[in-house]
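Here are a few friendly notes to read alongside the model. Please keep the structure open as you go through them.

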Amino acid sequence: MKIASLTCAYNEASTIGAALKCTKLFVDKQLVLVSSKPWSGYEYEPDGTFDIAEQLGADVYEDFWPTQHEQLNFGLELLKEYDFILILDADELYTASDLKTLKLWCGKSIIQAKLNIVTGK
């Protein structure tokens, strides 16, 4: 079972590090898409989000996506070979217990999917 995380970010330097650290051992790949401009609202100078994510070992792309769904679709296309893709906010944190539960759920989903194929249900 291969699990990836996908995080869309814009000027999230204050939170991206903690968010990536808490899921680093849980996922096989972390992908962070840093938007060069906000989808709406005021534009600010880059705050180092890209560099922090890259230093923590994430695959990081920076570009401008006019909408969130375009940004997410770009990331999902890059991660299509993964069994599960967790779409996480840049300020989303998980405990070890949360991740254990999530991994158990992902494993059950794979088993159920295989059973459905075998049984035709």
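1. A residue counts as buried under 20% relative accessible area, as exposed over 50%, and as partly exposed in between. With a relative accessible area of 40%, Lys24 therefore falls in the partly exposed class. Please bear in mind that this is a predicted model.

2. Staying with Lys24, you will find this residue in the loop between helix H1 (16-23) and S2. Apart from neighbours within four places in sequence, Lys24 is in contact with Gln30, Leu56 and Gly57. A polar atom of the Lys24 side chain lies 2.5 Å from the backbone oxygen of Leu56. Ala4 is 20 residues away from Lys24 along the chain, and their C-alpha atoms are separated by 9.8 Å.

3. Next, have a look at helix H3 (residues 68-78), where Gln71, Leu72 and Gly75 are buried. These residues cover an arc of only 95 degrees around the axis, so they sit on the same side of H3. The cover over the buried residues of H3 includes strand S1 (3-9), strand S2 (29-35) and strand S4 (84-88).

4. Finally, the largest pocket has a volume of about 250 Å³. Its lining is made up of 17 residues, and Cys8, Ala9, Tyr10, Glu12 and Trp39 are the ones nearest the centre. Which element gives the largest share of this lining? That is S1, with 4 residues; S1, H3 and S4 each supply at least two. By class, the lining has 10 nonpolar, 4 polar and 3 charged residues.

Definitions and conventions
Residues are numbered from 1 along each chain as its sequence is written. This is a predicted model: local features need pLDDT of at least 70, side-chain atom pairs count only at pLDDT 80 or more; totals for chains, interfaces and linings use all residues. Side-chain values use heavy atoms; hydrogens and water are left out. Buried means under 20% relative accessible area, exposed over 50%, partly exposed in between (1.4 Å probe, protein chains only). The arc is that of the directions from the helix axis to the C-beta atoms. Contact means heavy atoms within 4.5 Å. On a 1 Å grid over the protein atoms alone, a cavity is a set of points where a 1.4 Å probe fits but cannot get out, and a pocket is an open set with protein on both sides within 12 Å along at least five of seven lines; lining residues have an atom within 4 Å of a point. Grid points are joined across faces, edges and corners, and a volume is the space filled by probe spheres set on the points. Ala, Val, Leu, Ile, Met, Phe, Trp, Tyr, Cys and Pro count as nonpolar, Asp, Glu, Lys and Arg as charged, and the others, Gly among them, as polar. A polar contact is a pair of N or O atoms within 3.5 Å; within protein, one must be able to donate a hydrogen and the other to accept it, and residues adjacent in sequence count only if both atoms are side-chain atoms.
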